[in-house]
Amino acid sequence: MRQGTIKRLPIFVAAVCGLSGTAQAQSDNAVSARESAVLAEMNRVRADPAAYADVLREYRTYFDGRIMRRPGDAVGILTSEGVAAVDEAIAFLERQDPLPPFAASGLLAQAADDHVDEQGPRGALGHASRDGKRAGDRAERRGGGRYVAEAISYGPSEGAEVVRQLIVDDGVPDRGHRDLIFTSEFRYAGVGCGDHARFDHMCAISFGTTATGHYRASSPD
């Protein structure tokens, strides 16, 4: 094993919450560069999953057992599964059909931001806020509906790294975060990113079948 500092990132299962509000477009100047990059990277992967498999093939060359360390990077990351999770993701991507891109939702982004703002300064983890509220509750408080799913990344600072973490889904047996990205019913997404007291960075992603988090059959966008 190569020498150097090793850190371990937390792994959480994606949460799905399962109703009034209006759609709000998310403009580029309303979000950070990282948030825009996360949405763009998810859309790139949905558009051409097989091409992203090649990205992961390069990524797997940075592993030494369960340690992932890029050349010149003294800080290694201890993974749960090593290249096994990467190989499983590659096989999944090669079978996955392309999907339409996520449309940006300002309301879902606000709900995601609310979780980052509440959790980041405390260094807290997981899908529940301090008051026990979850993704659907946060969307409701913004005037939306409860039919919202959420994925959270802790640690990565760049949009591409955030999405890669969620797609490989190391240590998550049901690959719940990856499944959210490739759920065809989810057509809208909102991203919130910020500082995290324990793991430096975090990004929360809210997914919806509509821009407001309402169930499509009961409420229009």
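Predicted model: local features only at pLDDT ≥ 70, side-chain atom pairs only at ≥ 80, totals over all residues.
Residues are numbered from 1 along each chain as its sequence is written, and side-chain values use heavy atoms, with hydrogens and water left out.

**Stop 1: the disulfide**

Select Cys 193 and Cys 203. Their sulfur atoms sit 2.1 Å apart. The torsion about the S-S bond is about 110 degrees, so this disulfide is right-handed. Cys 193 lies in strand S8 (residues 188–196) and Cys 203 in strand S9 (residues 200–208), so the pair ties together parts ten residues apart in sequence. Helices (H or I, at least four residues) and strands (E, at least two) are DSSP runs, numbered from the N terminus. Both Cys 193 and Cys 203 are buried, meaning under 20% relative accessible area; exposed is over 50% and partly exposed in between (1.4 Å probe, protein chains only).

**Stop 2: H2 against H3**

Select residues 49–59 for H2 and 83–95 for H3. Their axes come within 8 Å and cross at roughly 165 degrees. Axes are lines fitted to C-alpha atoms, for helices over the stretch in contact, and angles run from 0 to 180 degrees between N-to-C directions. That makes H2 roughly antiparallel to H3; angles under 35 degrees count as roughly parallel, over 145 as roughly antiparallel, 65 to 115 as roughly perpendicular and the rest as oblique.

Now show side chains. From H2, the residues that meet H3 include Tyr 52, Leu 56 and Arg 57. On the H3 side, look for Val 86, Ala 89, Ile 90, Leu 93 and Glu 94. Contact here means heavy atoms within 4.5 Å. By class, the residues of this contact are ten nonpolar, no polar and two charged.

**Stop 3: H1 against H2**

Glu 41, Arg 44, Val 45, Arg 46 and Ala 47 in H1 meet Pro 49, Tyr 52 and Val 55 in H2.

**Stop 4: H6**

Select residues 159–168, helix H6. How many of its ten residues are buried? Eight are, so to speak, under cover: H6 is mostly covered. Among the buried ones are Gly 159, Arg 164 and Gln 165. The cover includes H1, H2, H3 and S9. Step on to Asp 169, which follows H6 and has a positive phi, near 55 degrees.

Key:
Nonpolar A, V, L, I, M, F, W, Y, C, P; charged D, E, K, R; others polar. Disulfide = S-S within 2.5 Å.
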